[in-house]
Amino acid sequence: MNRLKLILVSSVLFFSIFLSAQTSIKTYMLPDTISYIYTDSCLHNRHIVLSAPIRKNNGKISGRMEKMIFFNLEKGSVDWSLPYALDPYTGESKIWLVPEGILLQADRKLSLLDYKDGKPLWEKSGFYVNLEPRHKGLLYTSTSAFTLRSKLLYMDLKTGIDKKLRKRSSWKNLQSWGSFSYLNDSVMCAVDDNIQLLNLYS
């Protein structure tokens with residue numbers, strides 16, 4: 001399996017791909033100083049996704065925006081890049097690589113970006129919880145402005161269309177969107193004022 005090595009020299013990031021037991025190294029010089037690097041088998045070792053800080057006119061790093069870079073390993077160049085907003089409270093964002101596209105959590109919004117050009121396939125307000133265990137959909141939460149509590153929701157990952165969760169009506173709204181975890185590949189547990197269990201498939 002391919003191994004990715006990162007080298008930071010004078011604030012410029014270099015990375016090298018080591019192929020199995022071969023000693024030859026292919027090195028790339030990237031166009032920006034890199035904050036994070038994302039790779040997954042769904043990219044077939046042809047691309048990696050990078051995030052880089054955006055600098056203001058005075059040279060200082062913006063605390064509100066970052067830039068996503070889709071880097072082509074075969075060509076050694078950038079296929080596309082786009083800016084995205086960071087969460088105003090945490091100053092962070094999250095990126096997941098899935099076969100359907102690039103899943104981006106930024107500024108209280110979820111979106112799925114096309115690998116080809118970075119354009120959104122769908123967008124909606126909410127917070128990522130987890131991929132549904134059998135990877136048919138995405139579990140996320142939406143917070144009500146009136147109750148400030150979170151409701152667990154479920155969508156088709158490819159289309160972004162909401163679907164019904166089995167027994168969802170028995171779930172109360174939760175204070176924390178991070179209170180969810182899996183007991184196994186079909187039962188989800190939510191911890192709030194008490195413990196609630198949801199079997200996703202029966």
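A salt bridge here is a side-chain nitrogen of Lys or Arg within 4 Å of a carboxyl oxygen of Asp or Glu. Asp156 and Lys163 meet that rule through their side chains, with 3.4 Å from N to O.

Before going on, the basis. This is a predicted model, in which local features need pLDDT of at least 70 and side-chain atom pairs count only at pLDDT 80 or more, while totals for chains, interfaces and linings use all residues. Residues are numbered from 1 along each chain as its sequence is written, and side-chain values use heavy atoms, with hydrogens and water left out.

Back to that pair. For accessibility, buried means under 20% relative accessible area, exposed means over 50%, and partly exposed is in between, using a 1.4 Å probe and protein chains only. Asp156 is buried at 16%, whereas Lys163 is partly exposed at 39%.

By the salt-bridge rule the count comes to 4. Another of them joins Lys124 to Asp162, at 2.8 Å from N to O. Lys124 sits in strand 11 (residues 120–125) and Asp162 in strand 15 (residues 162–163), so this pair ties together parts that are 38 residues apart in sequence. Lys124 is buried, at 18% relative accessible area; Asp162 is partly exposed, at 42%.

A further salt bridge is between Glu74 and Arg46, where the closest N and O atoms are 3.5 Å apart. This one links distant parts of the chain: Glu74 is in the loop between strand 6 (61–72) and strand 7, Arg46 is in the loop between strand 4 and strand 5, and they are 28 residues apart. Glu74 counts as exposed, at 55% relative accessibility, and Arg46 as partly exposed, at 40%.

Strands of a sheet pair through backbone hydrogen bonds, either parallel or antiparallel. Two strands are taken as paired if DSSP finds at least two bridges between them. Here we have an open sheet of 4 strands, in the order 4-5-6-7, with antiparallel pairing. Which strands stand at the edges? They are strand 4 (36–38) and strand 7 (77–85); each has a single partner strand, so one side of each is left without a neighbour in the sheet. The twist averages 25° from one strand to the next, with axes taken as lines fitted to C-alpha atoms and angles running from 0 to 180 degrees between N-to-C directions.

Tyr38 stands opposite Val49 in strand 5.

Last, the aromatics. Rings of Phe, Tyr and Trp (its six-membered ring) pair if their centres lie within 6.5 Å; planes under 30 degrees apart count as stacked, over 60 as edge-to-face, and the rest as tilted. The count comes to 4 aromatic pairs. One of them is Tyr36 with Tyr38: the ring centres are 6.5 Å apart and the planes stand at 40°, so the pair is tilted. Tyr36 is exposed at 51%, while Tyr38 is buried at 17%.

Phe70 and Trp80 have ring centres 5.1 Å apart and planes at 15°, so that pair is stacked. Phe70 lies in strand 6 and Trp80 in strand 7, so the pair ties together parts 10 residues apart in sequence. Both Phe70 and Trp80 are buried. Ring pairs also bring in Tyr115, linking Phe70, Trp80 and Tyr115 into a cluster.

Notes: Helices (H or I, at least four residues) and strands (E, at least two) are DSSP runs, numbered from the N terminus.
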